[in-house]
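Biologist: I am new to this structure and would like a short tour of it. Could you put it on the screen?

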Amino acid sequence: MNESVRPSSAFTPGLSISAPSGVLATIPNPPPEIARLPAGTALRGVVVGDDGHGHVLVKTDLGTLSVATKANLAPDTEVILQLRSSGVQLHALIMQTRNQ
């Protein structure tokens, strides 16, 4: 089964994606357990709403993230965030979205 669609995996370290395409996102002030993940990690989540400050809220197995993106993501949209850099302000690429 393809790693990017395995339902039992919350995240897949080092997921290899041959042709990156998607929408850029920033995760300001990520929880420590997410900030420590290496670049290239694919993190699965579901959009649960917005934070009232223009950020989308994405619920993951490691916590709910406030994600700044220009993507118009409706609640209940499944997303995969591929982490691009880690630290205080995390950058990611929204690699896949699907409405449930």
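Biologist: In which sense do β2 and β5 pair, and over how many bridges?

Modeller: The pairing of β2 with β5 is antiparallel and has two bridges; two strands are said to pair if DSSP finds at least two bridges between them. A25 has T69 of β5 as its bridge partner. Helices (H or I, at least four residues) and strands (E, at least two) are DSSP runs, numbered from the N terminus.

Biologist: And how do β4 and β5 pair?

Modeller: They are antiparallel too, over five bridges. K59 stands opposite T64 in β5. The two strands form a hairpin, with two residues between them.

Biologist: What should I know about the source of the model?

Modeller: This is a predicted model, in which local features need pLDDT of at least 70 and side-chain atom pairs count only at pLDDT 80 or more, while totals for chains, interfaces and linings use all residues. Residues are numbered from 1 along each chain as its sequence is written, and side-chain values use heavy atoms, with hydrogens and water left out.

Biologist: What is the average pLDDT of the protein chain?

Modeller: The average is 79, and 72% of the residues score at least 70. pLDDT is the predictor's confidence in each residue, from 0 to 100.

Biologist: Which elements have the lowest and the highest mean pLDDT?

Modeller: The lowest mean belongs to strand β1 (residues 11-12), at 48, and the highest to strand β4 (residues 56-60), at 95. Over residues 14-19 the pLDDT is below 50.

Biologist: Changing topic, where is S66 found?

Modeller: S66 belongs to strand β5, which covers residues 63-69.

Biologist: Which side chains make polar contacts with the side chain of S66?

Modeller: One is that of D51, at 3.0 Å, and another is that of H55, at 3.1 Å. A polar contact is a pair of N or O atoms within 3.5 Å; within protein, one must be able to donate a hydrogen and the other to accept it, and residues adjacent in sequence count only if both atoms are side-chain atoms.

Biologist: Where does N29 lie, and is it buried or exposed?

Modeller: N29 lies in the loop between β2 (23-28) and α1 (32-35). N29 counts as exposed because its relative accessibility is 64%; buried means under 20% relative accessible area, exposed over 50%, and partly exposed in between (1.4 Å probe, protein chains only).

Technical notes: Contact means heavy atoms within 4.5 Å.
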